Structures are given as C-alpha cells and as structure tokens.
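Please look over the structure shown below.

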Amino acid sequence: MARDYRQVADHIAAEIAAGRLRPGDRLPTQRAFARRHGIANSTAIRVYGELVRRGLAVGEVGRGTFVRAAPPSPGHALAEEPAASGGPAINLQLNYPVAAGQSELMARSLAGLLRPDVLEAATRPAAADGTPAAREAAVSLLARGGWRPEREQVLFAGNGRQAIAAAIAAFVRPGGRLGVEALTYPLVKAVAERLGVTLVAIAADDDGLCPDALAAAHRGAPLGAVYVQPTLHNPTAVTMSEERRERLAEVCARSGIGVVEDTTWAFLAPEAPAPLAAHAPARTVLVDSLSKRLAPGLTTGFLVAPGAHRDPLADALRSGAWTAGRFNLEAATRWITDGTVAAVAAAKRQDTAARHRLVRSRLDGFRVRTDPRAYFCWWELPAPWRTDTFVAAAAARGVALTPGRAFAVPPLTAPDAVRIGLASPPYEVLSYALETLARVAREGPPRGA
C-alpha cells in the first residue's frame with residue numbers, strides 16, 4: 001500500500017524536532033526525496049507542501065526547500081491546510097511572486113532603520129502625502145512610457161487594495177455606478193459592495209475594455225468612474241494598445257467619467273504603452289503598490305491624484321484609516337532608492353518567462369489566454385467540462401484553482417474557465433500541478449457530472 005504523505009511528513013517533522021534536521025538545512029529535490037523514501041514523486045510534492053503548511057519548511061523560487069524555525073510568510077506559501085480528504089495541497093489561487101535572494105536584499109536595506117535615532121522618526125505618524133523623500137521615490141518608481149507624475153500628486157495607502165478602495169470612494173458616491181471590465185479583479189467586487197456602489201459590466205475584446213461600450217453604458221445611466229487594468233489585465237493578461245488607450249481617454253474626457261487605473265502588474269511589462277494617466281491626466285487616478293514587486297507582508301500603496309481629486313482622495317484615505325504607516329514608507333523609500341525594487345522586479349520578469357515555458361509545454365493544445373510576461377493565465381476549459389466540476393476534480397487531486405465566476409460581473413454568465421496563478425509554487429511543484437491539470441482535462445468529467 002502506498003504510504004500516506006502525512007505519515008512521511010510526520011517522520012520529517014520528528015527529524016526536525018530531534019535536531020537531526022536544523023533550521024536552514026536544504027532538503028533534497030522532490031525527485032531525490034521520492035527515490036530516497038521509496039514514494040511517488042507526486043507524494044513527495046505533497047509531503048513538502050504539508051511541511052510548509054505546518055511551518056516547518058519554506059520553498060524559495062530557484063533555490064529549493066529549506067527547514068525553518070518560524071512560520072512561513074505568505075509570499076513563500078505553497079499550500080493551504082488540506083481538507084479532511086487530504087487536498088488540495090498545491091494552491092494556484094495564491095499569486096505572490098518571490099525572487100531568489102530578495103529577502104537578503106530587503107534585509108540589507110532595512111539595516112539602517114534599526115538605528116535608534118532613525119527608528120524613532122520612522123515610528124511617528126505619517127500623513128496621506130507621506131514624506132518628501134517617499135514622494136520623490138514614488139515618482140521614480142511609477143514613471144513609465146515617457147510619463148512621469150508630479151511629486152505633489154502622490155499619496156500613499158497601506159497597500160494597493162486600500163489605494164483602490166480610496167480611489168473608488170473618492171469618485172463614486174454610495175448608490176452610484178462604477179464601470180468595470182466584464183471580467184474584473186475580484187477585490188473590486190467586494191469593495192463596491194462595501195461602499196454601496198453598483199458595478200456595471202463593460203464589454204472587452206482582445207485589446208481590452210471597449211470605449212464604445214463604455215460610452216453606451218454611461219448614456220444609459222451616468223457612471224461615476226471606470227476601473228480598468230490596461231496593462232496585464234487580471235485574469236486575461238491583455239495589454240491595451242496605445243490607440244485603445246487614447247480612444248478610451250477621449251471617451252472618458254468627453255463623458256466626464258473618472259478613471260481608476262490599476263497598474264499593479266505593469267512592472268512586468270516596462271515596454272508597454274504609457275498609462276492612461278498620460279492620456280487623461282485631469283481625470284485619472286493611478287494606483288499601484290509594492291505587493292507584487294516585493295512581498296505582500298510589508299508593502300505600500302501609491303496613488304497619483306489629479307489636482308482636483310487630490311483632497312477628496314486624501315480625505316478618503318484618512319476617513320477609511322487607509323494611510324500608510326511611517327515605517328512602511330521609510331522601508332519603501334529605501335528599497336526604491338537603493339535599487340532593491342528594480343533588482344527584484346528584473347528577476348521576476350525573468351522568472352515569468354521560465355514559468356510560461358512550463359505552461360506552453362504542459363498545457364499545449366488547450367485554449368489558454370495569457371502573456372509570457374504575466375504571472376497568471378486564463379484557461380477556457382474544453383467541453384464538456386464545467387468550471388465547478390473541474391475545480392472540484394482538480395482539488396481532489398491536490399490542486400486549488402480560482403473559478404471564472406470569481407471575476408465575472410453580472411449580467412455576464414460566469415465562463416467555463418479558471419485562472420491559474422503561476423507565481424507561488426517552485427518550478428517542480430508548478431510543473432507537476434500543470435501536468436495534473438492537463439491530465440484531468442483530457443480524462444473528462446465523471447459520468448453524470
């Protein structure tokens with residue numbers, strides 16, 4: 001009888017407890033581990049996932065899996081707690097990229113903050129507009145495509161999600177309408193519900209949100225704003241052309257529609273066209289953060305606010321308790337100015353290319369929408385699969401996915417599709433997960449499903 005992965009994990013846990021495996025020790029690759037213990041490679045992967053779940057090990061992209069003494073950070077997590085049935089162990093819902101060596105780079109930058117005199121200043125309260133040094137750093141970070149924000153336009157939130165919430169709150173009053181792509185970032189759906197804002201699904205094509213559809217929706221009933229991801233849209237990875245951005249900016253200017261432009265993933269595509277903020281500077285609030293560039297646990301959100309919207313945005317940040325902490329601002333400023341952010345972002349751009357080679361080889365022949373620069377892909381499932389059935393079948397084999405309905409905005413019918421997050425698992429684990437998903441897809445759903 002095949003050994004249960006939890007029994008093998010118990011054995012490794014005992015080795016760690018006895019001191020025979022020490023914090024920092026590198027565990028063998030999953031294949032080597034499987035050979036050594038006489039188990040299948042898939043079982044070895046689940047063992048490592050269980051060790052991570054228990055906080056006994058951490059997987060680092062490009063380096064391997066290591067024994068650790070403290071609970072793992074979200075950016076390193078490979079697994080979530082399995083259900084009683086034993087799955088899922090590989091979480092492709094999480095999407096936090098981690099570059100090899102980034103923790104060491106970040107730690108070196110923070111060393112100066114530990115001086116008592118510096119730490120005292122870093123623990124004082126911070127206003128919505130941060131500090132002069134933080135604004136200057138943010139300007140250099142956000143500039144792209146020939147566009148560069150003014151220092152006076154920059155505001156700070158605790159993270160990107162809070163920046164989005166503040167921007168929506170400033171543009172759209174309770175009971176108002178917010179245009180969004182028919183497939184949109186799930187957080188925006190939750191924020192709109194909390195704020196009492198009605199989402200209006202706007203059609204999109206292979207070049208992104210359709211300007212004519214936006215104009216038609218506004219004629220039907222005024223929109224307070226539109227939320228859009230013009231570069232590496234989540235989940236389809238579409239990047240708008242320069243022409244589409246110009247056309248969208250024209251529609252918004254003519255119709256008086258505010259724009260909340262989310263550029264969180266744009267750092268992966270530095271050669272993309274200039275942001276919408278360059279085409280409609282008087283009515284676009286650009287939001288961004290360090291969560292994907294670095295790590296979600298210690299991050300900062302950025303807002304570039306046009307002059308007329310700056311004070312309402314600052315008020316929204318303060319009233320929502322969404323302003324950034326001073327320590328986070330100081331850390332972010334150091335990481336930006338000393339090159340840490342740039343180095344880690346460059347490493348992640350290389351990492352996406354390697355992960356997409358796995359996607360192309362493992363999911364060859366399937367209808368997968370993505371961009372080789374993106375950390376996610378949108379898989380339109382082959383018939384006769386239905387999303388819920390496929391997600392359940394994948395979970396039964398230890399792989400967690402995000403169903404298409406999480407992104408769909410009514411009245412759009414949730415498509416039979418899933419989003420695959422590529423960022424979090426090490427390559428071997430991701431390869432195994434994609435192979436498993438392809439096998440499930442080819443087998444087809446069980447009878448009666």
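This is a predicted model: local features need pLDDT of at least 70, side-chain atom pairs count only at pLDDT 80 or more; totals for chains, interfaces and linings use all residues.

Strands β13 and β14 (residues 376-380) run antiparallel and are joined by three bridges.

**The four-strand sheet**

- β13 and β14 belong to an open sheet of four strands, ordered β13-β14-β17-β16, with antiparallel pairing.
- The edges are β13 (367-369) and β16 (402-403); each has a single partner strand, so one side of each lacks a neighbour in the sheet.
- Helix α15 (residues 387-396) packs on this sheet. The helix touches β14, β16 and β17 (417-421).
- The direction of α15 makes about 40° with that of β17.

**The seven-strand sheet**

- A second open sheet has seven strands in the order β4-β12-β11-β10-β9-β5-β6. Its pairing is mixed.
- β4 and β6 (198-202) are the edge strands, and each pairs on one side only.
- With direction ignored, neighbouring strands here are turned by 25° against each other on average.
- Strand β5 (residues 177-181) runs parallel to strand β9 (residues 225-228), and three bridges join them.
- Within that pairing, V226 in β9 stands opposite G179.
- Helix α8 (residues 186-195) packs on the sheet and touches β5, β6 and β9. Its direction makes about 145° with that of β6.

**Aromatic pairs**

- The count of aromatic pairs comes to eight.
- One of them is F156 with F302. The ring centres are 5.9 Å apart and the planes stand at 65°, over the 60 degrees required, so the pair is edge-to-face.
- F156 lies in strand β4 (residues 154-157) and F302 in strand β12 (residues 301-304), so the pair ties together parts 146 residues apart in sequence.
- F156 counts as buried because its relative accessibility is 1%, under the 20% cut-off. F302 is buried too, with a relative accessible area of 1%.
- W379 and F390 also form an edge-to-face pair, because their ring centres lie 5.4 Å apart and their planes are at 80°.
- W379 sits in strand β14 and F390 in helix α15, eleven residues apart, so to speak a link between strand and helix.- Both W379 and F390 are buried.
- Ring pairs join W379 and F390 with F366 and W385 in a cluster.

**Helix α2**

- Which residues of helix α2 (residues 30-37) are buried? They are Q30, F33, A34 and H37.
- An α-helix has 3.6 residues a turn, so residues three or four places apart point the same way.
- R35 and R36 are exposed, on the other side of α2.
- The cover over the buried residues of α2 includes α1 (5-17), α3 (41-53) and α16 (427-443).
- G38 follows α2 and has a positive phi, near 65°.

Note on methods. Residues are numbered from 1 along each chain as its sequence is written. Side-chain values use heavy atoms; hydrogens and water are left out. Two strands pair if DSSP finds at least two bridges between them. Helices (H or I, at least four residues) and strands (E, at least two) are DSSP runs, numbered from the N terminus. Contact means heavy atoms within 4.5 Å. Axes are lines fitted to C-alpha atoms, for helices over the stretch in contact, and angles run from 0 to 180 degrees between N-to-C directions. Rings of Phe, Tyr and Trp (its six-membered ring) pair if their centres lie within 6.5 Å; planes under 30 degrees apart count as stacked, over 60 as edge-to-face and the rest as tilted. Buried means under 20% relative accessible area, exposed over 50%, partly exposed in between (1.4 Å probe, protein chains only).
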